[in-house]
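Q: I have a structure open and want to walk through it. Can you help me read it?

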Amino acid sequence: MIQLQRQLSIRLDLPGISFEQVEAFLVQPKRPLRALLSRSRLEVIGSVPGRFDYASKPFGVGQWQLQPRVQLHAAWRESALLIRCLDCRIEGLGGWQSAVTYRFEAELRPGAEACYAKVISELNLEPRGALALLPSSLLQKLGEQALEQALARMERRCRTGLQQQLQSLRCPNPIGSQ
């Protein structure tokens, strides 16, 4: 089995936005998820609080066009929003789907004029069937490429959607200022 893991830590600078404002935004899991992900592809699952289904935009790895579908759980715990991938199915792998497992966990923490994001992303490849015919160095390279693309997307979404939504919390004219 080939096991790959990557981490990403991001600080989003939010001048003029208080710890309390960031915390109030993060404590409602649907708000940050809608800022991070495409609203049209994010769905609430049933009546269970904090459960979501998301179909990612397709992306290419090698010769494959892949589209991850993830089930997420998001909850406010211990002063942070914790987002956990409960299940991930990567469409476009055909018969190799059962040989690939992808998981991630993310933590969003409020700060004074900042938001801190940490993501741990993991990909496991079990070379069996036709996949076992490929050299492990090639599988390793494809897996690393897929993880790097996933983390690059996560960082881009934090620096665009999430940061923009948090910056919109800034009060345009605080009382007493000119």
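**Strands and a buried residue**

A: Start at a turn: β4 and β5 form a hairpin with 2 residues between them. G62 in that turn has a positive phi of about 60 degrees. Strands here are DSSP runs of E with at least two residues, helices are runs of H or I with at least four, and both are numbered from the N terminus.

Q: What kind of model is this, and how are residues numbered?
A: The model is predicted: local features need pLDDT of at least 70, side-chain atom pairs count only at pLDDT 80 or more, and totals for chains, interfaces and linings use all residues. Residues are numbered from 1 along each chain as its sequence is written, and side-chain values use heavy atoms, with hydrogens and water left out.

Q: How many bridges join β5 to β6?
A: 11, and the strands run antiparallel. β5 spans residues 64-77 and β6 spans residues 80-91. A75 stands opposite L82 in β6. Q71 stands opposite D87 in β6.

Q: Which residue in β7 does L82 stand opposite?
A: E107. β6 pairs with β7, residues 100-111, over 4 bridges in the antiparallel sense.

Q: And how does β3 run relative to β5, parallel or antiparallel?
A: Antiparallel, with 5 bridges joining them. Y54 stands opposite V70 in β5.

Q: New topic: D53. Where does D53 lie?
A: In strand β3, residues 51-55.

Q: Is D53 buried or exposed?
A: D53 is buried, with a relative accessible area of 15%. Buried means under 20%, exposed over 50%, and partly exposed in between, using a 1.4 Å probe and protein chains only.

Q: What does the side chain of D53 make a polar contact with?
A: The side chain of R69, at 2.7 Å. A polar contact is a pair of N or O atoms within 3.5 Å; within protein, one must be able to donate a hydrogen and the other to accept it, and residues adjacent in sequence count only if both atoms are side-chain atoms.

Q: Which residues does D53 touch?
A: Leaving out residues up to four places away in sequence, D53 touches R41, L42, E43, I45, R69, V70 and Q71. Contact means heavy atoms within 4.5 Å.

Q: Zoom out. How many helices and strands does the protein have?
A: 3 helices and 8 strands. From the N terminus, the order is β-α-α-β-β-β-β-β-β-β-α.

Q: What box do the C-alpha atoms fill?
A: Roughly 70 × 35 × 30 Å, taken along the principal axes.

Q: And what share of the residues is buried?
A: 40% of the 178 residues.

How values were computed: Pairing = 2+ DSSP bridges.
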